[in-house]
Amino acid sequence: MAGQQYLNSISENATRLGMRLQETLSEHTRDLAIGRGSGAGYLETGALGDEKTPAMIRKQLDSSSDREKLDAMKRLVALISKGRNASEYFAQVVKNVAAPNLEIRKLVYIYLLRYAEHEPDLALLSINTFQKDLADANPLIRAMALRVLSGIKVPMIGSIVVLAIRKCAADPSPYVRKAAALAVPKCFELDAAHLPTLIQIISTILLRDRSPLSLGSVAVAFQAICPTRLDLIHPHYRRLCRILVDLDEWGQVELMELLLRYARTMLVRPQTNLSERGGEEKHGDEEEIEKDLKLLLDSVEPVFQSRNPAVVLAATKVFFYGAPPSYWPKFVGPVMRLNTNSKEVERVVLVDLLIITRDAPHLFAPHYTRFLVRSDDLTVVKKTKIQLLLRLLTVDNWSAILREFIEYADDMDDTVVSEAIHALGTCSAHVPEAIPSCLTALITMIKSRYDTVVSSAVMVLKYLVQTQLSMGSAFAGTLAQSPLSIIAHLARRIDDIRHAQARACVLWLVGQYAGSEEKASTSGPEGIADWAPDVLRKLAQSFGSEDYLVKLQTITLAAKLFVLSPTDRTINLLCQYIFSLARYDKNYDVRDRGRMLSSLLVGVGLQISGPSAEERGGVVLRKEQVKLVLFEGKSGTIVEKDSFLDDGKLQLGSLGRVTGRPMVMNDALPDWLEKGVESSLRDSEDDARVNAPPVPTAISSAGTTHSQKGIATPPIVLTPGVSTPSSIAAKGQWTDLESFYAEEEKEEAEDDDGDEDEDEDESEEEESSAAESAEETESGSEEGQAESDVIHVH
Amino acid sequence: MGIDGLILLDNTGRSIIQSGFRSTSPAYPLLHIEAVNNAVAKATQPGDVDPVVYVSAYSIGDTPSACCHVQCTDVRILCPISGNVDPLFGFAFLQTFIEILREYFGPLSAATLKDNFDVVYQLLEETLDSGGHPLTTSPNALRDIVLPPSLFNKLLSVAGANINATINSGSGLGSGPFSSPIPWRKAGLKYTSNEVYFDMVEELKAIVNRNGVPLSSSVLGKIEANSRLSGTPDCLLSFTNSSVLVDCAFHPCVRLSRWARGKTFSFVPPDGKFILAEYRYSPTGSSSGSANASPLKDNIPIPFVIKSNVELLDHGGSFDITFTSRLNGRSLENIIVEFNLGSGASGIKCIAARGTGGLGRGGVSSMNAGLGGNSGASWAFDSRRRVLKWEINNAPPSSSWNLQGSFSTPSIAPRPSHALQVQFDIQSYTFSSLKVEQLKITGETYKPYKGIRGRAIGNVEWRW
């Protein structure tokens, strides 16, 4: 009985306890649920309708509870996020800058950085806290304080920031020193008057830093405030080279940029060998490379194995602009690996490949299959790949690449199609053996059902036929089809060619070459190929419904045929008909063209209806003269697509190469010195230390504290563990390459040609200017006229 | 070299989170958002946008700028850059930042980012200096500074405990932020069970022409690792046939000199998930840099054959595609064959069927809806992308599958893509048949559990 009672009381107590527990739990979980959904709540307050009034937020900020404050700060950050102006709370927020809760403090910092500019006076209230934080025991707090202090855009505090930078630059923690270096450019932006002090901090404190953690940021600071003071680098150059591989990825990018600029400004141009440029690379070819340049290249080489695409490209840049061409094969593999990284990276790197292959197509030509277009590539990528494949054309691979271009003509994007078909034309210009297969492909394309394919094919055909005819019959023997038979083919298919520009193009071809058939035709009018008049007849029929481009060419065609065969009655009648149609056309270009050509033809005997014929005065040209005017000077010129990329000024890694437009600040790399600065300037006590066997500098990871890590102590070891001494020696392995190459160099005989590089550049410039002038003359041709007509219209 | 900031957009193109911009004009981020949204809207094929968008100057005196952008599930991340900054730098940072977000929040989505917007802001603040220079991007170091949102943290904060106080006072303990002597590894880690896993994932990328001849093929591998080891272990991973690994790239923890000398991976791993190395598989072991490298010799056989017969008519077309597995002893899994039918394609009628060969019985699926019956194959048409998707869950060795169908287009000449995109998986398999010789862990006394497995995926373009 008693036991029963006892049990009862237990169970009662248990249920009571259970209820208690449940109560508290549900209470807490309610909080929890709010906590979980909180973020979305903050961001979408408008929708949920629980937006707090400004007064409530202020009250929260002033409250003593961390949770209230945190809640209010989250609300403010959410406001910022939604693009609203939250600056009215500045006064209340500043009070929380010394909040002991780190999360609140971080949000306060985010707020401060955005609004300090608008409330400079109130922002000053927070300065004291930051200065106090700079002396905090926790490096995280010190670094954060400096970051916010330098980020507040209040010019008044400039000198305080300089003091803080100077203090932190000598901080025992490399993270704080990193923050100090990054604060330098911001302080300079704030007030340029501090420049001398900042440069002094960089040269005397920051550049002497030995920690790989902070050196990358030092390079940032240097590039930002004194990029021209490369003389400050002299005593540090060799150390910076050696430490490069240990830097974090972002620091490596910056440092390589700096070292490349140093090398180009202070070192001698590496001697290159003429024989190397054109043909196969030979390893270990005799070259004179300064010891310090070699050190740079050897230090950069391991960096190619980074997973970060920006690092690999920066390293490539060092090799491409800093090393003689015999070193270039080293970046081939790494750069191609980038291509597989992601579609965004691929898009950028392909443009770099275009720049590299302008100078060294042979490096990538054997790997052309890795640049084949996939149908799921981005449109930009497809186009760049086509350009790249054109660059990689060689005698061995042209047929495969040609087949690819033909394949791409089936693409779903019109711009890619026309790019591919134009590439066919360029291909046959570079490789004459390709012309027959090109022609066959183009003629098949003319039968295509797609407008773009037909029009592009006709354009390229026109170009091909013209170059063929202007070159004479040198290649005529090798062709299955003579150029004239192609024109004849086109002429017969004029009904199927519907695209206006292509149609105009065919008409022009027909007119231009109607008279050049070797033996006069028997059936048609004398002096004209038998396929020409029928084209004129068809066009006369459809004249009214044609595009104005076609109309213009129809008039020209009529004039040309008439000059060739002035006695033929049918042609005469057709001409008269077309000219009178043109006379009353809606488009004034068509009317002008008609008027001009009809008066030209007066001397040949064209009868034009209307009274004006007799009244017209002026010079009357004879038939031969008219012929000269109409037919001569229209020989084919190579229309190379002149893209922004081809001007040779674009650099690897510049923004302009990707946007395809000139961007401001495309600062060019300085050219080499013919005679470098004294190499002893770069001597420092470090060199002696490197030559000595490495001192074991391992810090066992467990027992170290910050106070032990002064700047005077060796850098934080990135390869800890028991095997540290050996691994440092292993890193030294890379410098051993130096002696390895030095030996090879000695073996080879010396043969150098120093001015070769320059000569090449000059000749390139000449070529490009020649191409430009060629284009200018080209504008005299019919096509050019059509284009200039368009301009008149506008 | 520094980027201007980051902007995270949701799938409607509205900004969720923005980093602070130092630019003088407040319109600067808005201009970039606008430019990218316009470019996305103008794309002819969804997703086919130039990843670098040119943004013209806002007013006279401004310089033009560009905007790098990356789509990641339903979030688009923008990275405006100006001056002479390499867009690649922007993309490299974007990649890193996305990896960090994944590390913190798991699979990325606009909803999770909105939920944790305060953490994202803190992450932005710690990874990107206001001058646009990346600060701390190693996940191990970041986890010390910005606490990942976990249920545990929430419980604590609900309970009123201030977890951040420990950060504040923790400097003396040697376990606070920035205290680890190895930038990529947390100090003072302790696990009750020590484990380390390696996943070798190899992707075959190939283009095959209409005669079934591979035009280009390459196998790119990745060693993904997940380390849960206490203390500071020093690992040494070696392979029996490491000479087939060329064009390698490594996590910063790998000692490059040891690789150069003995082709072994020697490293102190970071904590948690990371990618140890990436490589290209070359049967002949010739790296692309060397002069006698011939890409044709490195061709890897494609594990399947496709026979296709596509007929284009006026206002439509019909197709008959047969997929045959050529793999012995293993089955291809999760096969997805994509066929872009071109703009305006509609009225798709298909029959997906199991052909002869292999084991199991054949079956016919779907007349119109595209749902697979018991045959294990199904098809669906994505009307936005105009892509016909044919899925085969599991293709046993030398089995054969068939898809017949027709489509119609409003224009007289249909213009489908001339290639089929084929994706597949092969479980526990590597193309390179890379074998781990040993994994030695020194520096610590415990015996960890070590797991290694392989996985092969394929991405093949088959032209017809």
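Start your tour by selecting Asp247(B), which counts as buried because its relative accessibility is 13%; buried means under 20% relative accessible area, exposed over 50% and partly exposed in between, with a 1.4 Å probe and protein chains only. You are looking at a predicted model, in which local features need pLDDT of at least 70 and side-chain atom pairs count only at pLDDT 80 or more, while totals for chains, interfaces and linings use all residues. Residues are numbered from 1 along each chain as its sequence is written, chains are lettered from A and ligands numbered from 1 in the order in which they are written, and side-chain values use heavy atoms, with hydrogens and water left out.

**Stop 1**

Most residues other than glycine have a negative phi. Asp247(B) belongs to strand β9 of chain B; strands here are DSSP runs (E, at least two residues) and helices are DSSP runs (H or I, at least four residues), numbered from the N terminus.

Now select His315(B), which is not a glycine either and has a positive phi of about 60°. You will find His315(B) in the loop between β12 (304-313) and β13 of chain B. Is His315(B) buried or partly exposed? With a relative accessible area of 40%, His315(B) is partly exposed.

**Stop 1: aromatic rings**

Select Tyr104(B) and Phe105(B) to see a tilted pair, 6.1 Å centre to centre with 55° between the planes.

Next, pick Phe250(B) and Phe265(B): their ring centres are 5.7 Å apart and their planes stand at 70°, so this pair is edge-to-face. The pair links distant parts of the chain, with Phe250(B) in strand β9 (residues 245-250) and Phe265(B) in strand β10 (residues 264-267), 15 residues apart. Phe250(B) is buried at 3% relative accessible area, and Phe265(B) is buried at 1%.

For a cluster linked by ring pairs, select Trp250(A), Phe89(B), Phe93(B) and Phe97(B).

**Stop 2: charges over rings**

Select Arg415(B) and Tyr450(A): the charged end of Arg415(B) sits over the ring of Tyr450(A), 5.1 Å from its centre. A charge sits over a ring if NZ of Lys or CZ of Arg is within 6 Å of the ring centre and within 35 degrees of the ring normal. In chain A, the charged end of Lys462(A) sits over the ring of Trp508(A), 5.2 Å from the centre.

**Stop 3: paired strands**

Two strands pair if DSSP finds at least two bridges between them. Select residues 195-208 (β6) and 214-228 (β7) of chain B, antiparallel strands joined by 14 bridges. Here Lys205(B) stands opposite Ser218(B). Five residues lie between the strands of this hairpin, where Gly212(B) takes a positive phi near 85°.

Ser227(B) has Gly272(B) as its bridge partner in β11(B).

**Last stop: a helix**

Finally, select helix α1 (residues 27-42) of chain B, whose end C-alpha atoms are 22 Å apart, in agreement with the 22 Å that its 16 residues should span at 1.5 Å a residue. The expected span is 1.5 Å times one less than the number of residues. Buried residues of α1(B) include Tyr28(B), His32(B) and Val36(B).

Definitions and conventions: Rings of Phe, Tyr and Trp (its six-membered ring) pair if their centres lie within 6.5 Å; planes under 30 degrees apart count as stacked, over 60 as edge-to-face and the rest as tilted.
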